[in-house]
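Please look over the sequence and the model before reading on.

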Amino acid sequence: MTHTASARAQTMHDLHDAVRYTLPLYEMARMRAATCPRRDSAGQFAASQPESAVRWINHFIHTRQLLGPQHRQVVTPNNDTLYSNAWLDLSQGPLVLDVPDSQGRYYVLGLLDFYTNPFGYIGTRTTGGGAGRFVLHGPGWHGEVPAGATAIACPTDAVWLLGRILVDGEADLPAVHAMQDRLRLGTLDGAPAARRFDTGMQPGEQLAAGTLQARRYAEIVNQALRDNPPPAAEAEHVAGFARHGIGARCDASGLDDAAAARLGAAIGEVLAELATPLPSDLGGGWTLPVEIRASFGTRYAERALVARNYIGALGVEEAMYVMADRDSAGAPLDGRNGYELAFAPGGLPQVGAFWSLTMYGKSDCMLVENALARYSLGDRSPSLRTDADGGIRLHLSAAPPADPARHGNWLPAPAGPFYVTLRLYVPGDAHLGKTFAYPPIRPVPGAAAAFVASIACES
């Protein structure tokens with residue numbers, strides 16, 4: 001390799017490192033712009049122009065319905081909880097968060113820094129179910145914490161608070177709505193926390209390769225680095241990106257065409273790399289695509305992968321998302337066949353909160369519409385029937401099982417490829433230590449013929 005070729009290869013290697021490191025900043029900025037509201041709770045617009053990037057920040061947004069097939073804003077949605085979401089800006093001082101007594105209900109308010117590290121939690125597992133007051137402050141604040149409040153130090157001034165509150169069916173929604181409405185954000189002097197904030201992006205902006213996209217990418221991540229400096233231990237590493245136009249002191253508009261082209265190429269190559277993640281193998285076709293505790297540390301490639309594909313994921317001590325898209329023989333799951341997932345006696349998921357198995361169509365990663373409006377089964381499902389020996393057998397297929405007695409354990413699938421996600425909230429030691437034996441998903445003989453017969457009857 002010539003000196004010139006070697007230098008070019010080193011440049012692209014360094015650019016790949018820069019993109020992997022900063023991609024979470026871009027994705028967080030994009031998500032903030034997409035989910036910060038234009039109107040506050042009183043209906044007032046943050047800006048009069050619809051195209052403005054100014055939104056309300058330090059302001060809760062609550063989902064009021066359990067997600068179903070008609071909700072298509074996010075992929076692989078859960079059907080167990082309502083979300084309560086707030087983007088926080090601590091650069092002007094701490095915020096006071098008041099939470100109500102959960103009355104024994106499981107909930108978690110996860111806290112992510114702007115690099116996507118899930119650094120803290122407020123909720124049943126960590127702070128208990130009682131009412132509480134918390135002072136959230138950025139890394140530069142050193143004031144006095146009010147009596148009766150608990151301080152939570154945040155690694156960056158920009159924080160995503162992403163809450164999940166357990167719901168036991170449609171009839172339980174009013175009680176959860178009441179709990180959501182008692183979540184409060186304020187300032188230390190008692191004033192409302194919500195204020196206008198320029199997110200710097202338009203909702204719907206997407207990242208792709210190319211020279212123009214590279215300048216926009218640099219503009220966004222450079223501003224994020226100014227607002228949210230990296231940890232001191234990583235500062236020297238990040239300083240090396242400046243030669244490529246990435247850094248808190250860099251001006252993206254100053255990138256010449258050649259530098260922008262190189263950065264654009266690196267963006268495209270990293271995105272392609274992250275499009276085919278290599279999941280953790282748990283055996284039997286089960287995988288754990290996200291495995292993080294409080295911080296990714298220096299695992300920048302893994303952090304970028306999660307930011308791109310699973311942004312907002314909690315740490316595994318709070319929740320694990322175990323997925324399968326293949327049967328026990330390694331063949332892709334397809335709802336035109338039938339499958340049995342058998343938890344042996346004493347072999348049910350070990351959780352401190354709840355577990356559920358949710359069905360998704362492979363083509364769109366969405367919940368599967370069905371006549372029963374049943375999108376998941378778990379330890380709270382009233383239809384679920386336990387075998388005489390204490391085990392549980394779930395049936396996965398597009399057509400119902402032949403035995404009517406098993407219809408309560410049927411999780412309807414699409415008439416085509418699918419995957420399932422086993423959610424474990426507050427997983428036990430066997431799951432955290434990867435010693436739990438996840439049951440294989442076994443094909444049911446004759447189920448494909450039953451599906452064909454059911455279609456023939458319908459036609």
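This is a predicted model: local features need pLDDT of at least 70, side-chain atom pairs count only at pLDDT 80 or more; totals for chains, interfaces and linings use all residues.

## A four-stranded sheet

Four strands form an open sheet in the order β8-β7-β4-β10, and their pairing is mixed. The edges are held by β8 (150-153) and β10 (184-187); each has a single partner strand, so one side of each lacks a neighbour in the sheet. From one strand to the next, the twist averages 30°.

Strand β7 (residues 132-137) runs parallel to β8, and four bridges join the two. Within this pairing, Leu-136 lies opposite Ile-152 of β8.

## Salt bridges

The whole structure contains 26 salt bridges. One of them joins the side chains of Asp-364 and Arg-72, at 2.8 Å from N to O. This pair connects distant parts of the chain, 292 residues apart: Asp-364 is in the loop between β16 (351-361) and β17 (376-378), and Arg-72 is in the loop between β2 (61-62) and β3 (81-89). Asp-364 is partly exposed, at 29% relative accessible area, as is Arg-72, at 43%.

Arg-393 and Glu-340 also meet in a salt bridge, at 3.7 Å from N to O. Here Arg-393 belongs to strand β18 (residues 392-397) and Glu-340 to strand β15 (residues 338-343), 53 residues apart.

Methods
Residues are numbered from 1 along each chain as its sequence is written. Side-chain values use heavy atoms; hydrogens and water are left out. Two strands pair if DSSP finds at least two bridges between them. Axes are lines fitted to C-alpha atoms, for helices over the stretch in contact, and angles run from 0 to 180 degrees between N-to-C directions. A salt bridge is a side-chain nitrogen of Lys or Arg within 4 Å of a carboxyl oxygen of Asp or Glu. Buried means under 20% relative accessible area, exposed over 50%, partly exposed in between (1.4 Å probe, protein chains only).
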